[in-house]
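Have the model open beside you as you read.

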Amino acid sequence: QVQPVESGGGLVQAGGSLRLSCAASGSTFRSYGMGWYRQAPGREREFVAGIRRSDGNSYYRDSVKGRFTISRDNVKNTVHLQMNNLKPEDTAMYYCNAWGVDVRPDSWGQGTQVAVSS
């Protein structure tokens, strides 16, 4: 199993921006929609944003709509998450993975940490 590799996290002040990147395996990227997920300490992992493979349509959890934008580069097998107007409640470890399908527990990468200070 080839895990995705996430990058781009960091520490920012509220209102700031970050752009996350994810390099996924070619087979996963070509076969499935891709999503970003996050997990804050003491909480379960949650869906943040997803982009379909077939038509590129994107979907977001309500709390990030209008602030986050997901995109995919079908040549480089990468997925990005542009995060603007960040809030302290966005603080979490962010992961990417296939979206819309069941994923194996060992398919998750290391994630990239996002911390937003107030």
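Q: This is a predicted model. Leaving aside its neighbours within four places in sequence, which residues is Gly-10 in contact with?
A: Gly-10 touches Leu-18, Gln-113, Val-114 and Ala-115, once neighbours within four places in sequence are set aside. Contact here means heavy atoms within 4.5 Å.

Q: Where is Gly-10 found, and which strand do bridges join to β2?
A: Gly-10 belongs to strand β2. Four bridges join β2 to β10 (residues 112-117), and the two run parallel. Since two strands pair if there are at least two bridges between them, β2 and β10 count as paired. Within β10, Ala-115 is the bridge partner of Leu-11.

Q: Why is Gly-10 called partly exposed?
A: Its relative accessible area is 24%. Buried means under 20% and exposed means over 50%, so Gly-10 falls in between.

Q: What makes β2 and β6 edge strands?
A: The open sheet has the order β2-β10-β9-β4-β5-β6, with mixed pairing. β2 (10-13) and β6 (58-60) each pair on one side only.

Q: Why is the pair of Phe-47 and Trp-99 called stacked?
A: Their ring centres are 5.8 Å apart, and pairing needs centres within 6.5 Å.

Q: What makes the pair of Tyr-59 and Trp-99 tilted?
A: The centres of Tyr-59 and Trp-99 are 5.5 Å apart, with 45° between the planes. Stacked needs under 30 degrees and edge-to-face over 60, so this pair is tilted.

Notes: Residues are numbered from 1 along each chain as its sequence is written. This is a predicted model: local features need pLDDT of at least 70, side-chain atom pairs count only at pLDDT 80 or more; totals for chains, interfaces and linings use all residues. Side-chain values use heavy atoms; hydrogens and water are left out. Buried means under 20% relative accessible area, exposed over 50%, partly exposed in between (1.4 Å probe, protein chains only). Rings of Phe, Tyr and Trp (its six-membered ring) pair if their centres lie within 6.5 Å; planes under 30 degrees apart count as stacked, over 60 as edge-to-face and the rest as tilted.
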